[in-house]
Amino acid sequence: AEQGARSKEEEVTVAVRVAAGNGKLSLKDMQLAAIPDAALALQGRLFEAELCGNVLEELPLESSTWASLRSLDLSQNRLRNGPGIPIVGMTSLTSLTFQRNVLRRFPEHIAALASLQYLDLSQNRIEEWPEGLCARLVSLHTLLVNYNCLTALPEDMASLRALSHFDASNNQLATLPASLARLSSLGSLVLENNALVAVDARLGLLPLRTLLLAGNPLKQIRRPLLQPGATVSLLAYLRDRIPPDSDPLPPPRAAATEREGARRVEGRREGAPRAGERERERGRERAEPPVQHGRRDLGEDVPVGR
C-alpha cells in the first residue's frame, strides 16, 4: 500500500511538472479524493484540466482561482450540488464536463460562464432546469443532459441561438416547449426514451441532420420514421403536418436581422430632416423628374437568390 501511495505521488508530481510547462493537467483515473496543492498552485498557467475518474466529492475553494482554465473535465467523480463546486471564477471556460456525478441540479454559478461552448451534465440525477439560464449561455453549441430526471425543458430555449447539438434523451419529458422549434442553428436533436406523446410539427423546419425520437409513446408517427437514418423522411412528415394557421417561426439569423433593422431605424431617426426641410424636399421632388433608386440606395437589404 505504501509503495502504491508513493507511486501515485510520483505520478501527480510528473503530471504537475508537465502542466507547468504546457498548461495541460492530466490527473485522470488516479482515485484522488482531493486535488493536490501543487496543482492548485498552477493558477494563471493552466488551460486544460482532466480530473475525471477520481473520487472527488468537492473542489477546494482555491480552484476558483483557475481563471485561465478553458477546459475542465470532472466526469466520473462524486460531486454534489453546493458550495463544493466553486466554478464562479473560471470565467474563461469554454468546455465543462460533469458527466456521471450525483448532481440533482445544474451546478451553482454556471450562469456566470458566458464563454461556455460545451456543457456535459449527462448521467446525473438532475430534476429541474434553472430559470433564466439559457439567456446567459448564448455561446453554447453543445448541451448534453441525457440520462437525468428532467420532466420539462425551459420556455426560453430559443435564447440558445448558437446551439447545434442537444441531447435530452433518457429523461422523463412529457412535453416540449414551443421555443425548441426556434433553434435555427440546431443540427442534432436527440430526444429518445422520454414520455413524449406528441412533438411540434414545426421541428420539421429546422436544419436537422439528426432527429431521434424512438422510445417515446408517439402514436401519430409510424415506427419506420423513428428508426436511425430516417431523419430526412421524418422531417418531411412533420412539415406536411404543420397547421396552416400555426405561428410562423423566425428565419435563421433573425436576431441579426432585427438588430440591423433597429440600427437602420435609429440611423434614420438621427439623420431625420426637420419639418421645413421635408417640405422643401417634397417641392424639389415635384419639380424634378423622378429618379429610379435601387434598393441599396434606400438602405435596404438586397434579396438573395431572386
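Arg-202 is buried, with a relative accessible area of 11% (buried means under 20%, exposed over 50% and partly exposed in between, using a 1.4 Å probe and protein chains only). This residue forms a salt bridge with Asp-200, and the closest N and O atoms of the two are 2.9 Å apart (a salt bridge is a side-chain nitrogen of Lys or Arg within 4 Å of a carboxyl oxygen of Asp or Glu). Asp-200, by contrast, is partly exposed at 24%. The model is a predicted one, in which local features need pLDDT of at least 70 and side-chain atom pairs count only at pLDDT 80 or more, while totals for chains, interfaces and linings use all residues. Residues are numbered from 1 along each chain as its sequence is written, and side-chain values use heavy atoms, with hydrogens and water left out.

The protein chain has 5 helices and 9 strands (DSSP runs numbered from the N terminus, with H or I over at least four residues for helices and E over at least two for strands). Starting at the N terminus, the order of elements is α-β-α-β-β-β-β-β-β-β-β-α-α-α. Of the 306 residues in the chain, 40% are buried. Among contacts with a separation of 6 or more, 33% join residues 24 or more positions apart (contact means heavy atoms within 4.5 Å). The chain exposes about 17500 Å², of which carbon and sulfur atoms supply 49% (areas come from the Shrake-Rupley method with a 1.4 Å probe; for residues, only the protein chains shown count as cover).

Across the whole structure, 3 salt bridges are found. Side chains of opposite charge can pair when their charged atoms come close. Glu-127 sits in the loop between β5 (118–120) and β6 (142–144), and Arg-104 in the loop between β4 (95–97) and β5, so the pair ties together parts that are 23 residues apart in sequence. Both partners are partly exposed, Glu-127 at 45% and Arg-104 at 43%. Arg-105 and Glu-108 also meet in a salt bridge, at 2.6 Å from N to O; Arg-105 is partly exposed at 36%, as is Glu-108 at 23%.

Beyond neighbours within four places in sequence, the contacts of Leu-143 include Leu-119, Trp-129, Leu-160 and Phe-166.

On a 1 Å grid over the protein atoms alone, a cavity is a set of points where a 1.4 Å probe fits but cannot get out, while a pocket is an open set with protein on both sides within 12 Å along at least five of seven lines; lining residues have an atom within 4 Å of a point. Grid points are joined across faces, edges and corners, and a volume is the space filled by probe spheres set on the points.

The second largest pocket has a volume of about 200 Å³. Its lining includes Asp-200, Lys-219, Tyr-237 and Arg-241, and divides into 8 nonpolar, 1 polar and 3 charged residues.

Key
Nonpolar A, V, L, I, M, F, W, Y, C, P; charged D, E, K, R; others polar.
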